[in-house]
Amino acid sequence: MTGLQLFDMHCHLDFAPDARAAARGLAKREAGAFSVTVEPSGFERSSALLAGCENMRVGLGLHPWWVAEGRCGEADVEAFARLARATRFIGEVGLDFGKRCEGAREAQVAAFARVAEACVDGGRVLSVHAVRATADVLDALAGAGALGGNAVVFHWFSGTSDELGRAVDAGCFFSLNPRMLASRRGRAYARAIPEDRLLLETDAPGQSGDPYDPAAEVALLERMLDDLADLRAVSRGRLAARIAETGARLLDL
C-alpha cells in the first residue's frame, strides 16, 4: 500500500473496542501497523476482523505470559505450528523470565522452541517479547536455524548492552516505545541502534477493552520521531523517512 508515512510495529488492535475502526483511523492518518496477537485463536479472530484493511498486518501470537499462566496449552502450541505454515507475520512470541512468570520457565522454553521450529523456512517477521531472556531467545532461534532467515524485531528491548550488540550483529530490528525512551538506558540504546534497524511502536491498547484513539497514537509516534531525532542529533525528516522505509519493507506495505 502506498502513501503510508508511519508504522506502528507492535500494537494490539484486537484489544480495541472496534478493531476495524481503529485500522481505518490509522489509514486516514497515513499510518500502517503490525497488530500482534497473544494466542492462535486471537490471530484467527483478528485476521477476520481486519480482512481488507490494506494498511494492516496481523501477527500470529503465542505470548509467554499466556503460556506461563496456562492460558495457552499444548493444543494452542499445535494450532500455532499449523497456522504458522500459512503466514509470514509472527507475534507476539518470546520468553519472559521476570517475576511475573516465575516457575514457568520450562513451559515457556518448550513453547518457544516450537515457535522457532515453525519459522525455520525463513521469510517471516517476528515481533519478540524478551524479559531477562534476550540471550535465550537468540539461542533458541539460532539453534533452530530460524535467526538468519527471518526479520526478528525485539519489542521494547530491555536486555544488556552486550545482548544489544549480539542482537545487532545477528541482524535484528528494534521497535521502540515511549516507555523505553523514558529511561536512561533506553535512551542510550536508542542512540546506539543502527538507523536502519530502528522502528516505532505503541503497544496499544494495553489490554482487551481499553479505549483506542488513532489520532492520539499517531501523535505519540510523531513525538517519538521528534525525541529520536533530538537524541541522535540527526534530521527529523531523514530519520522519519528511513524508519518508514524499514517498516514498509518489513510489512510489505
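Predicted model: local features only at pLDDT ≥ 70, side-chain atom pairs only at ≥ 80, totals over all residues.
**Exercise 1. Find which residues of helix H4 are buried, and what they pack against.**

Solution. 
- Step 1. Locate the helix. H4 covers residues 74–84.
- Step 2. Pick out the buried positions. They are Asp-76, Val-77, Ala-79, Phe-80, Ala-81, Leu-83 and Ala-84.
- Step 3. The buried residues pack against helices H2 (40–49) and H5 (105–118). They also pack against strands S4 (60–62) and S5 (89–96).

**Exercise 2. Describe how H2 and H4 pack.**

Solution. 
- Step 1. Take the geometry. The two axes lie 8 Å apart, at an angle of about 45 degrees.
- Step 2. Classify the angle. H2 is therefore oblique to H4.
- Step 3. List the partners. H2 brings Pro-40, Phe-43 and Glu-44. H4 brings Asp-76, Ala-79, Phe-80, Arg-82 and Leu-83.
- Step 4. Sort them by class. This contact has five nonpolar, three charged and no polar residues.

**Exercise 3. Work out how H9 and H10 are arranged.**

Solution. 
- Step 1. Find the helices. H9 spans residues 184–192, and H10 spans residues 214–232.
- Step 2. Read the geometry. Their axes come within 9 Å and cross at roughly 75 degrees.
- Step 3. Classify the angle. A value from 65 to 115 degrees counts as roughly perpendicular, so H9 and H10 are roughly perpendicular to each other.
- Step 4. Name the contact residues. Arg-187, Ala-190, Arg-191 and Ala-192 of H9 meet Leu-228, Leu-231 and Arg-232 of H10.
- Step 5. Sort by class. The contact of H9 with H10 has four nonpolar, three charged and no polar residues.

**Exercise 4. Characterise the largest pocket.**

Solution. 
- Step 1. Give its volume. The largest pocket holds about 360 Å³.
- Step 2. Count the lining. There are 21 lining residues. His-63, Trp-65, Glu-92, His-129 and Asp-203 lie nearest the centre.
- Step 3. Trace the sources. Helix H3 (64–68) and strand S6 (125–131) each supply at least two lining residues. The largest share comes from S6, with three residues.
- Step 4. Sort by class. The lining has eight nonpolar, eight polar and five charged residues.

**Exercise 5. Describe the two cavities of 30 Å³ or more.**

Solution. 
- Step 1. Start with the largest cavity. Its volume is about 40 Å³.
- Step 2. Name its lining. The residues are Gln-5, Leu-6, Phe-7, Leu-200, Leu-225, Ala-240, Ile-243 and Ala-244.
- Step 3. Trace the sources. Strand S1 (6–11) and helix H11 (236–251) each give at least two. H11 gives the most, three residues.
- Step 4. Sort by class. Seven are nonpolar, one is polar and none is charged.
- Step 5. Move to the second largest cavity. Its volume is about 30 Å³.
- Step 6. Name some of its lining. Among them are Leu-62, Pro-64, Gly-94, Gln-108 and Phe-112.
- Step 7. Trace the sources. H3, S5 and H5 each supply at least two residues. H5 gives the most, with four.
- Step 8. Sort by class. This lining has seven nonpolar, two polar and no charged residues.

**Exercise 6. Locate the cis peptide bonds at Glu-92 and Pro-205.**

Solution. 
- Step 1. The bond from Gly-91 to Glu-92 is cis, with omega near 10 degrees. Glu-92 belongs to strand S5.
- Step 2. The bond joining Ala-204 and Pro-205 is also cis, with omega about -10 degrees. Pro-205 lies in the loop between strand S9 (198–200) and H10.
- Step 3. Link back to the pocket. Glu-92 is one of the residues nearest the centre of the largest pocket.

**Exercise 7. Asp-203 and Ala-233 have positive phi without being glycine. Is each buried or exposed?**

Solution. 
- Step 1. Asp-203 has phi of about 60 degrees. Its place is the loop between S9 and H10.
- Step 2. Apply the cut-off. Buried means under 20% relative accessible area. Asp-203 has 15%, so Asp-203 is buried.
- Step 3. Ala-233 has phi near 55 degrees. It is in the loop between H10 and H11.
- Step 4. Apply the other cut-off. Exposed means over 50%. Ala-233 reaches 68% relative accessibility, so Ala-233 is exposed.

Conventions. Residues numbered from 1 in each chain as written. Heavy atoms only, no water. Buried < 20%, exposed > 50% of the residue type's maximum accessible area, 1.4 Å probe, protein only. Contact = heavy atoms within 4.5 Å. Axes fitted to C-alpha atoms, helices over the stretch in contact; angles between N-to-C directions. Parallel < 35°, antiparallel > 145°, perpendicular 65-115°, else oblique. Nonpolar A, V, L, I, M, F, W, Y, C, P; charged D, E, K, R; others polar. 1 Å grid on protein atoms, 1.4 Å probe; cavity = no way out; pocket = protein on both sides within 12 Å on 5 of 7 lines; lining within 4 Å. Points joined across faces, edges and corners; volume = space filled by probe spheres on them.
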